[in-house]
Amino acid sequence: MASSYPVSSFSPPLQASGWGLPSQPEYPEGKAIKKGSYNLMMTRKILVVDDTRNVQVMLQEYLQSQSFEVLLAADGREALEAFHSQSPDLILLDVMMPNMDGFQFLSRLRAESDIPVIMITAKQQEVDIIHGFELGADDYITKPFRLRELLMRIRAVMRRVSLLEGETPNLTVGDIKLNRDKHEVLKQGETIDLTPVEFYLLEMLMNYAGKVVRHAQMSLYLIDHGFAGSETTLKIHIRNLRLKLKDDLAHPRYIETVFGVGYRFIDRNP
């Protein structure tokens, strides 16, 4: 076992190119987080609990490259301290650790919180996996694992929690209203017929109205929803979305191109 390391917080993003993955963050920064909310586009703080230093560093660097703030703990006791003092949004938890192992930590944690927990461990026996879920784990991934797969699992867990917590179904920016539950978009009260891809792109842009959303971020968002995410395809969908919104390309009222970077939905709310 590795020696114990103090709980740490890191903020500057590091490059993820060493893994052949995009170094740009998945989503724009700057959204406020409601206490207890786990909206997958808003979460910023993840607690990594593992007593192996190289695993800590690998996860720290990759998650920072995706704009997450990362807290580190080397055992269950440090993790409890970090949970109470730093209020993380999700926990990645190893099982085999000194002082207090992952199962003991999870049992203590569930007595006071339902924060999402993904167990990351070399223990692959069915009995261990079942025990983790019985204690309240939200997901379980065995080592070795792919970083991109871990990211998808993190986002999937946050999406489930967000739905359980009753994410608001409506987005309104200027005269455009988007209803997630009905999968409906209205412009000045009139229905705009959008394809599923166009709907998801508009939803993402409206979520970050006034902020630039990068090409790579939008492509990954489409891939996460099961669609092709090439930049060429993205441009076609944005063009069609503009046509349906009857936007003026020379003087846009809705979707503005930030050349070489991405797109911005113009925030006309007072």
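Me: Where is His-183 found?
Reply: His-183 sits in the loop between strand S8 (176-179) and strand S9 (184-187), where strands (E, at least two residues) and helices (H or I, at least four) are DSSP runs numbered from the N terminus. This is a predicted model, in which local features need pLDDT of at least 70 and side-chain atom pairs count only at pLDDT 80 or more, while totals for chains, interfaces and linings use all residues. Residues are numbered from 1 along each chain as its sequence is written, and side-chain values use heavy atoms, with hydrogens and water left out.

Me: What is the phi of His-183, given that it is not a glycine?
Reply: His-183 has a positive phi of about 55 degrees. Most residues other than glycine have a negative phi.

Me: Is His-183 buried, exposed or partly exposed?
Reply: His-183 counts as partly exposed because its relative accessibility is 39%, with buried meaning under 20% relative accessible area, exposed over 50% and partly exposed in between (1.4 Å probe, protein chains only).

Me: And what about phi at Lys-246?
Reply: Phi of Lys-246 is near 55 degrees, again a positive value in a residue other than glycine. Lys-246 lies in the loop between H8 and strand S12 (255-258), and is exposed at a relative accessible area of 71%.

Me: Which peptide bond is cis?
Reply: The bond from Lys-143 to Pro-144 is cis, with omega near -5 degrees, and Pro-144 belongs to the loop between strand S6 (139-142) and helix H5 (147-164). Most peptide bonds are trans.

Me: Switching to helices, how do H2 and H3 cross?
Reply: The axes of H2 (residues 76-86) and H3 (residues 102-110) come within 9 Å and cross at roughly 30 degrees, the axes being lines fitted to C-alpha atoms over the stretch in contact, with angles from 0 to 180 degrees between N-to-C directions. H2 is therefore roughly parallel to H3, since angles under 35 degrees count as roughly parallel, over 145 as roughly antiparallel, 65 to 115 as roughly perpendicular and the rest as oblique.

Me: Which residues make that contact?
Reply: Gly-76, Ala-79, Leu-80 and Phe-83 of H2 and Phe-105, Arg-108 and Leu-109 of H3 make the contact, which means heavy atoms within 4.5 Å.

Me: What angle do H6 and H8 pack at?
Reply: H6 (residues 196-207) and H8 (residues 231-245) pack at about 85 degrees, with their axes 10 Å apart, so H6 is roughly perpendicular to H8. Leu-201, Leu-202 and Leu-205 are among the H6 residues that meet H8, whose side includes Leu-234, His-237 and Ile-238.

Me: How many aromatic pairs are there?
Reply: The count comes to 3 aromatic pairs, where rings of Phe, Tyr and Trp (its six-membered ring) pair if their centres lie within 6.5 Å, and planes under 30 degrees apart count as stacked, over 60 as edge-to-face and the rest as tilted. One of them joins Phe-133 and Tyr-140, whose ring centres are 6.3 Å apart with planes at 45 degrees, so this pair is tilted.

Me: What geometry do Phe-199 and Tyr-200 have?
Reply: Phe-199 and Tyr-200 form an edge-to-face pair, 6.2 Å centre to centre with 80 degrees between the planes, and Phe-199 is buried, with a relative accessible area of 2%.
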